[in-house]
Amino acid sequence: MTQPETTGWGTTRRAVVSAAGAAGLAVALTACGKDDGGSGDSQSAGSAQESAGAGESGAGGDASAGGGGMELAKTSQIPEGGGMVFKNHKVVVTQPSAGQFKAFSSICTHQGCSVGDVSDGTINCPCHQSKFDISDGSPKGGPATKALPGAKITVEGTSIKMV
């Protein structure tokens, strides 16, 4: 019986190669279909994007008053006809018309990527260019065929809060 080749430190070459392959796979899987960890802000023309979080009452319904929760943004930060992505909380908040706030999951229904921005009346996924309507989360373009699920928020005065 022959001895396995070692690296000089008592570790077999096969163990080293296996560990390197596993580490590479972990990096690839982490990068594919995930957001940037919500550690930074990203801006897009016609939209405001932040890393924070959100929610909403019902599946894309209007936010209700009262209820408490963590503040995500001020109502003035969500542009009319646009929205804001809260990457840390995996939610996007939109304002389809003046004073009407909606919230949806920020995870694309196509392959699980994080949506990147809100512009021109749609929530946009950078991975495969799926687009979702800001008023109801329904797919408007790209390969996604399912709407973004609604999330829960409340509006208390000028504060938009997670429920």
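**Entry 1: Thr94**

I call a residue buried when its relative accessible area is under 20%. The model I am reading is predicted, and I began with Thr94, which lies in strand β3. Its relative accessible area is 0%, so I recorded Thr94 as buried.

I then looked up what surrounds this residue. Leaving aside residues up to four places away in sequence, Thr94 touches Ile78, Gly82, Gly83, Gln100, Phe101, Lys102, Phe104, Ile123 and Ile134. With Ile134 there is also a polar contact: a polar atom of the Thr94 side chain lies 2.7 Å from the backbone oxygen of Ile134.

**Entry 2: the sheet that holds β3**

Which strands form the sheet with β3, and in what order? I found an open sheet of 3 strands, ordered β2-β3-β4, with antiparallel pairing. Strands β2 (82-86) and β4 are at the edges; each has a single partner strand, so one side of each has no neighbour in the sheet. On average, and ignoring direction, neighbouring strands here are turned by 20 degrees against each other.

I examined the pairing of β3 with β4 in more detail. Strand β3 covers residues 91-97 and is joined to β4 by 5 bridges, the two strands running antiparallel. For Val92, the bridge partner in β4 is Phe104. Phe104 was already in my notes, as one of the residues that Thr94 touches.

**Entry 3**

I turned next to β1, β9 and β10. These 3 strands form an open sheet in the order β1-β10-β9, and the pairing is antiparallel. Here the edges are β1 (71-74) and β9; each has a single partner strand, so one side of each is left without a neighbour in the sheet. Neighbouring strands of this sheet are turned by 25 degrees against each other on average, with direction ignored.

Strand β9 (residues 153-156) and strand β10 (residues 159-162) run antiparallel and are joined by 4 bridges. I noted that Thr154 has Lys161 as its bridge partner in β10, and that Val155 stands opposite Ile160 in β10. The hairpin of β9 and β10 has 2 residues between the strands, and Gly157 takes a positive phi near 65 degrees.

**Entry 4: the cysteines**

How many disulfides does the model contain? I counted 1 disulfide. It is formed by Cys113 and Cys127, whose sulfur atoms are 2.2 Å apart. The pair links distant parts of the chain, 14 residues apart: Cys113 is in the loop between β4 (100-105) and β5 (117-119), and Cys127 is in the loop between β6 (122-124) and β7 (131-133). The torsion about the S-S bond of Cys113 and Cys127 is about -110 degrees, so I recorded the disulfide as left-handed.

Cys108 is in no disulfide, and its nearest cysteine sulfur, that of Cys125, is 3.9 Å away. Cys108 is buried, with a relative accessible area of 4%. Cys125 is likewise in no disulfide, and Cys125 is buried with a relative accessible area of 4%.

Notes:
Residues numbered from 1 in each chain as written. Predicted model: local features only at pLDDT ≥ 70, side-chain atom pairs only at ≥ 80, totals over all residues. Heavy atoms only, no water. Pairing = 2+ DSSP bridges. Disulfide = S-S within 2.5 Å. Buried < 20%, exposed > 50% of the residue type's maximum accessible area, 1.4 Å probe, protein only. Axes fitted to C-alpha atoms, helices over the stretch in contact; angles between N-to-C directions. Polar contact = N/O pair within 3.5 Å; in protein donor to acceptor, adjacent residues only side chain to side chain. Contact = heavy atoms within 4.5 Å.
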